[in-house]
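User: Could you walk me through this chain with a few questions and answers?

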Amino acid sequence: ASVSTVLEELVTMAEKESSEAISTGDNNNKNIKSSLLWKPVQANFMLSSGAAAAASGSSNSGDEFGLISTVGRELGFAAHHAIHHMAMIKLIAIGHLGLDLHDLSPDFGKAPSTVHHETSASP
């Protein structure tokens, strides 16, 4: 199964369980079946753009490499990678949009492990 196929299944399951929760009055968000999060998927990555091949006249569009993963692992990676984007947003907001450092949370754009290290290392 591809990541997108399993994500579609996860969304469908979440929607079904949300509508069931609404009809039964159960507002507990822990009903989504976690087994789908550990379903194996193949995550494909482009290792080259194919630009060099195209420049030489080849029809190769790039090399793609497949790795076996899980939906949970891919969602975890995406969430963690979003922190990197938040750090870039913080730099742009402060450096180019005139926001003050104190306009954003001091932990905005920091990985949880960094925040944990900083708080545990503080006297």
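This is a predicted model: local features need pLDDT of at least 70, side-chain atom pairs count only at pLDDT 80 or more; totals for chains, interfaces and linings use all residues.

Analyst: Residues are numbered from 1 along each chain as its sequence is written, and side-chain values use heavy atoms, with hydrogens and water left out.

User: In what order do the elements of the chain run from the N terminus on?

Analyst: Helices (H or I, at least four residues) and strands (E, at least two) are DSSP runs, numbered from the N terminus. The chain has 4 helices and 2 strands. From the N terminus on, the order is α-β-α-β-α-α.

User: What percentage of the 123 residues in the chain is buried?

Analyst: Buried means under 20% relative accessible area, exposed over 50%, and partly exposed in between (1.4 Å probe, protein chains only). Of the 123 residues in the chain, the buried share is 18%.

User: Is serine 69 buried or exposed, and which side chain does its own side chain meet in a polar contact?

Analyst: Serine 69 is found in strand E2. Its relative accessible area is 11%, so serine 69 counts as buried. A polar contact is a pair of N or O atoms within 3.5 Å; within protein, one must be able to donate a hydrogen and the other to accept it, and residues adjacent in sequence count only if both atoms are side-chain atoms. At 2.7 Å, the partner of the serine 69 side chain is the side chain of glutamate 74.

User: Which backbone nitrogen does the side chain of threonine 70 reach?

Analyst: Threonine 70 lies in strand E2, residues 64-70. Leaving aside neighbours within four places in sequence, threonine 70 is in contact (heavy atoms within 4.5 Å) with Leu37, Trp38, Lys39 and Val41. At 3.0 Å, its side chain reaches the backbone nitrogen of arginine 73.

User: How far does helix H3 reach from its first C-alpha to its last?

Analyst: Helix H3 spans residues 71-95, which is 25 residues. Its buried residues include Val71, Gly72 and Glu74. The expected span of a helix is 1.5 Å times one less than its number of residues. For H3 that expectation is 36 Å, and the helix comes close to it, reaching 36 Å.

User: Is isoleucine 92 buried, partly exposed or exposed?

Analyst: Isoleucine 92 is found in helix H3. Its relative accessible area is 45%, so isoleucine 92 is partly exposed.
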